[in-house]
Amino acid sequence: TGSDDPLYPDYHYKFKSSSWDIQPEGIVGLLYQPQVKFSLGAVYRTGATMDLEGKARVGNTLLGLREKSSYAQEMNIPATYGIGLCYRITPRWLVAFDWQGTDWSPMRVKTNFERQGKGLVNQRGDLHWKRSSRLRFGTEYRLSERWRLLGGYFYAQPSLPKEAVSLTTIIDVPLHTVTSGARYEPGNWSFDLALGYRFGGREIGGDKFHFDALNLILTFGYRF
C-alpha cells in the first residue's frame, strides 16, 4: 500500500505459502429407473481431511518483519450428498431436479508453524460454519442430433455464520442463479455456450450485503 500521510506511512506486505498432500475420498451412488421416461438417483461423498505440509514466508516493511518457517495445516474437505430426479416429457425434451447438501460443520482452523514469530503464528479454532443446501432445476430440448438448448435455476443457502461475513473476508449470501445455453456436438467434439446471472443479498447487524454477477462460459470437449 502507499500513502503520503506521515501518520500512515508507505509499506509493503507479502505472504506466500505452498503445501501438498494426497488423501482418498469415497463416493457412493445409486440410480433407479423404473421406466424409460423417469429416473431417480442419489449420491454421497465422504469428504476427507488433508494433512498439508509446506513452507511459508511473510514480510512487512513497516514492522521490519521478515519470517519464514515450515508448517503443517489441517484442511477439511466437507462431505456432500444429494438426490435427483429426471423426467423425459417427450423423446426430445426432459426436465430434471435435484437437492444437494454440504456439511461444512467440521471446518476448523489448525495451523502449526515450526518457528513462530509476529507474523507466522499458530492458529486453532472452530469456524462455526453450518450445513448448506442447494436446489437446482434444469431443462434440455434436443433440436437435432447435434444441437441442444438448455436452461435452469439454482438456489444456494449461505454456510457462513453472520459474524464471519464482512467486506474484507467473505460475502456469503443466499444466491439465486438463472442460466441458459446451447450445446453443439459435431462427431466426438462438444461445444457449450452458457449465460448465467447470479444475485443475492443479506442484512447483518444493519449492514446490507449484495452480490450479483453476469457470467459467460464457453467450454469444449472431445470423446476418445
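This section describes the strand pairing, the salt bridges and a charged surface patch of a predicted model.

Residues are numbered from 1 along each chain as its sequence is written, and side-chain values use heavy atoms, with hydrogens and water left out. In this predicted model, local features need pLDDT of at least 70 and side-chain atom pairs count only at pLDDT 80 or more, while totals for chains, interfaces and linings use all residues.

Strands are DSSP runs (E, at least two residues) numbered from the N terminus, and two strands are taken to pair if DSSP finds at least two bridges between them. Strand β11 (residues 147–156) runs antiparallel to strand β12 (residues 175–184), and 10 bridges join the two. Within this pairing, F154 has T177 of β12 as its bridge partner. Strand β12 in turn pairs with β13 in the antiparallel sense, over 9 bridges, and S180 stands opposite L195 in β13. These two strands form a hairpin with 4 residues between them, and G187 in the turn has a positive phi of about 70 degrees.

Strand β13 (residues 189–204) is also joined to strand β14 (residues 207–222), again in an antiparallel arrangement, by 16 bridges. Here L193 has L218 in β14 as its bridge partner. I204 belongs to strand β13. With a relative accessible area of 13%, I204 is buried, where buried means under 20% relative accessible area, exposed over 50%, and partly exposed in between (1.4 Å probe, protein chains only). The C-alpha atoms of I204 and K162 are separated by 6.4 Å, although the two residues are 42 residues apart along the chain.

Side chains of opposite charge can pair when their charged atoms come close. With a salt bridge defined as a side-chain nitrogen of Lys or Arg within 4 Å of a carboxyl oxygen of Asp or Glu, the count comes to 8 salt bridges. In one of these, R108 pairs with D126, the closest N and O atoms being 3.6 Å apart. R108 counts as partly exposed at 36% relative accessibility, and D126 counts as partly exposed at 36%.

A salt bridge is also formed by R148 and E140, with 3.4 Å between the closest N and O atoms; both residues are buried. The side chains of E185 and R183 meet in a salt bridge of 3.4 Å, N to O. E185 counts as buried at 12% relative accessibility, whereas R183 is partly exposed at 25%. Salt bridges that share partners join E140, R148, R183, E185 and D192 into one network.

On the surface, K16, K55, R57, R66, K68 and R115 gather in a patch of positive charge. Such patches are made of residues with over 30% relative accessible area and no salt bridge, like charges being joined within 9 Å. Strands β4 (48–60) and β5 (65–77) are the elements that give two or more residues to the positive patch. R115 lies in the loop between β8 (108–113) and β9 (123–126), and R115 is partly exposed, with a relative accessible area of 48%.

Methods: Patch = residues over 30% accessible without salt bridge, like charges linked within 9 Å, V, L, I, M, F, W, Y side chains within 5 Å. Areas by Shrake-Rupley, 256 points an atom, 1.4 Å probe, with all protein chains shown as cover. Lys, Arg positive; Asp, Glu negative; His and termini not counted. Charge placed at Lys NZ, Arg CZ, Asp CG, Glu CD.
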